[in-house]
Amino acid sequence: MTSGVAGLVLLGFAAVVLLALGVGLDTGSFVIAGFIFAFGALAIAVTRKARAGGIAPGRCAACEGLISPNAPYCKHCGAPT
């Protein structure tokens, strides 16, 4: 999945660069291209983190409810985590 997202982002980067070379860029176009590059890098980073298992809920020791791994207490029973 990560390689698919990276390939899609790189394809988008190439399309933006080719379009910029063909049409020409003004200041607004540079800003838009910067946002496209930033969102592409963000998409790759999120995909890598999701694949690594960094985004997963935890379980409460008291009630076995699903909670955020960073939660200070359980949202279901109120027990400290």
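The largest pocket in this predicted model has a volume of about 160 Å³. Its lining is made up of Val16, Leu19, Ala20, Val23, Gly24, Leu25, Ser29, Ile32, Ala33 and Ile36. Two elements each give two or more residues to that lining: helix 1 (2–23) and helix 2 (27–52). By class, 8 of the lining residues are nonpolar and 2 are polar. None is charged.

Turn next to the surface. Val17, Leu18, Leu21, Ile32, Ile36 and Phe37 make a nonpolar patch there. The patch covers about 570 Å². Helix 1 and helix 2 are again the elements that give two or more residues, this time to the nonpolar patch.

Two residues link these descriptions. Ile32 and Ile36 are among the residues that line the largest pocket, and Ile32 and Ile36 also belong to the nonpolar patch. Take isoleucine 36 as the example. Isoleucine 36 sits in helix 2. Its relative accessible area is 36%. Buried would need a value under 20%, and exposed a value over 50%. Isoleucine 36 is therefore partly exposed. Patch membership asks for over 30% relative accessible area, and isoleucine 36, at 36%, has that.

Stay on helix 2 for phenylalanine 30, which has its place in this helix. Is phenylalanine 30 buried or exposed? Phenylalanine 30 counts as exposed, because its relative accessibility is 55%. Phenylalanine 30 and leucine 10 are 20 residues apart along the chain, and their C-alpha atoms are separated by 17 Å.

Alanine 56 and leucine 10 are 46 residues apart along the chain. The separation between their C-alpha atoms is 28 Å. Where does alanine 56 lie? The residue is in the loop between helix 2 and strand 1. Its relative accessibility is 39%, so alanine 56 counts as partly exposed.

The backbone of glutamate 64 deserves a look. Its phi is near 65 degrees. That is a positive value in a residue other than glycine.

Terms used:
Residues are numbered from 1 along each chain as its sequence is written. This is a predicted model: local features need pLDDT of at least 70, side-chain atom pairs count only at pLDDT 80 or more; totals for chains, interfaces and linings use all residues. Side-chain values use heavy atoms; hydrogens and water are left out. On a 1 Å grid over the protein atoms alone, a cavity is a set of points where a 1.4 Å probe fits but cannot get out, and a pocket is an open set with protein on both sides within 12 Å along at least five of seven lines; lining residues have an atom within 4 Å of a point. Grid points are joined across faces, edges and corners, and a volume is the space filled by probe spheres set on the points. Helices (H or I, at least four residues) and strands (E, at least two) are DSSP runs, numbered from the N terminus. Ala, Val, Leu, Ile, Met, Phe, Trp, Tyr, Cys and Pro count as nonpolar, Asp, Glu, Lys and Arg as charged, and the others, Gly among them, as polar. Patches are made of residues with over 30% relative accessible area and no salt bridge: like charges are joined within 9 Å, nonpolar side chains (Val, Leu, Ile, Met, Phe, Trp, Tyr) within 5 Å. Accessible areas come from the Shrake-Rupley method with a 1.4 Å probe; for residues, only the protein chains shown count as cover. A salt bridge is a side-chain nitrogen of Lys or Arg within 4 Å of a carboxyl oxygen of Asp or Glu. Buried means under 20% relative accessible area, exposed over 50%, partly exposed in between (1.4 Å probe, protein chains only).
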